Amino acid sequence: MADSNQTKRILAEAMKGLMAQEPFAKISVGDICQACQMNRKSFYYHFRDKYDLVNWIFQTEFLMAVQSRPFESTWALIQDLCGYFYENRAFYRNALSVQGQNSFQDYFREVLDPVMRIYAEDLFEGQADADFFITFYSDAFIAAMLRWLSDRHCMPPDRFTELLRRSVQGGARIASRT
């Protein structure tokens, strides 16, 4: 009998395969189960819904992997994140396109917020509007990632990260002058 994590990984691989071919909205739990020859009961034993599965994929493939790695800066972490998204761009282009309750976009925003908050403390030190800037840059980051991953000629992740860094730092310099 397969252990729980093995079953979850099988479901995750099925979901990733389906999302490389179909929009998220067109994929049903039945489709996922059929792709890995499992029953719906097995799926619902491990996940609440397909949104939960997508979030679990990110959590286990990226978040758990980076917890043990030291990063010399926030930008090194973002570089690593962009590299991971680039390697899995068909999946994350699709996942980031989904909006609404329980979406990956909302989950990713929750993960991104503390990273942006740590970085923004240096950039917007002492500014009363720091929360606004953090939300603004988080939203901009997600929109930029989706556009980047959707581009047919998707630039390499190191170039994308450098452009993001320059944009954020330039915008912060302007905002701090006002």
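Modeller: A helix here is a DSSP run of H or I with at least four residues, and helices are numbered from the N terminus. The model under discussion is predicted.

Biologist: Where does Gln-37 lie?

Modeller: Gln-37 is placed in the loop between helix 2 and helix 3, the latter spanning residues 40-46. Gln-37 is exposed, because its relative accessible area is 75% and the cut-off for that class is over 50%.

Biologist: What is the phi of Gln-37?

Modeller: The general idea comes first. Most residues other than glycine have a negative phi. Gln-37 is not a glycine, yet its phi is positive, at about 55°. Asn-102 also has a positive phi, near 70°, and is likewise a residue other than glycine. Asn-102 is found in the loop between helix 6 and helix 7 (104-123). With a relative accessible area of 39%, Asn-102 is partly exposed.

Biologist: Which helix holds Gln-34, and is this residue buried or exposed?

Modeller: Gln-34 belongs to helix 2, residues 29-35. Its relative accessibility is 61%, so Gln-34 counts as exposed. In sequence, Gln-34 and Ala-14 are 20 residues apart, while their C-alpha atoms are 8.8 Å apart in space.

Biologist: Is Lys-16 buried or exposed, and which residues does it touch?

Modeller: Lys-16, in helix 1, counts as buried because its relative accessibility is 16%. Leaving aside residues up to four places away in sequence, Lys-16 touches Ile-57, Glu-61, Asn-88 and Phe-91.

Biologist: How do the axes of helix 5 and helix 8 cross?

Modeller: The axes of helix 5 (residues 74-87) and helix 8 (residues 130-150) come within 11 Å and cross at roughly 35°. The crossing of helix 5 past helix 8 is right-handed. From helix 5, Ile-78, Leu-81, Cys-82, Phe-85 and Tyr-86 take part, and they meet Phe-141, Met-145, Trp-148 and Leu-149 of helix 8. By class, the contact of helix 5 with helix 8 has nine nonpolar residues, no polar and no charged ones.

Biologist: How many aromatic pairs does the structure hold?

Modeller: The structure holds 26 aromatic pairs. One of them joins Phe-85 and Tyr-92: the ring centres are 4.3 Å apart and the planes stand at 5°, so this pair is stacked. Phe-85 counts as buried at 0% relative accessibility, and Tyr-92 is buried with a relative accessible area of 0%. Trp-148 and Phe-160 form another stacked pair, with 4.1 Å from centre to centre and 5° between the planes. This pair links distant parts of the chain, since Trp-148 lies in helix 8 and Phe-160 in helix 9 (residues 157-177), 12 residues apart. Trp-148 counts as buried at 4% relative accessibility, and Phe-160 is buried at 7%.

Biologist: Which residues do ring pairs link into a cluster?

Modeller: The cluster linked by ring pairs consists of Phe-58, Phe-62, Tyr-84, Phe-85, Phe-91, Tyr-92, Phe-104, Tyr-107, Phe-108 and Phe-141.

Terms used:
Residues are numbered from 1 along each chain as its sequence is written. This is a predicted model: local features need pLDDT of at least 70, side-chain atom pairs count only at pLDDT 80 or more; totals for chains, interfaces and linings use all residues. Side-chain values use heavy atoms; hydrogens and water are left out. Helices (H or I, at least four residues) and strands (E, at least two) are DSSP runs, numbered from the N terminus. Buried means under 20% relative accessible area, exposed over 50%, partly exposed in between (1.4 Å probe, protein chains only). Axes are lines fitted to C-alpha atoms, for helices over the stretch in contact, and angles run from 0 to 180 degrees between N-to-C directions. A crossing is left-handed if the near helix is turned anticlockwise from the far one by less than a right angle, and right-handed if clockwise. Contact means heavy atoms within 4.5 Å. Ala, Val, Leu, Ile, Met, Phe, Trp, Tyr, Cys and Pro count as nonpolar, Asp, Glu, Lys and Arg as charged, and the others, Gly among them, as polar. Rings of Phe, Tyr and Trp (its six-membered ring) pair if their centres lie within 6.5 Å; planes under 30 degrees apart count as stacked, over 60 as edge-to-face and the rest as tilted.
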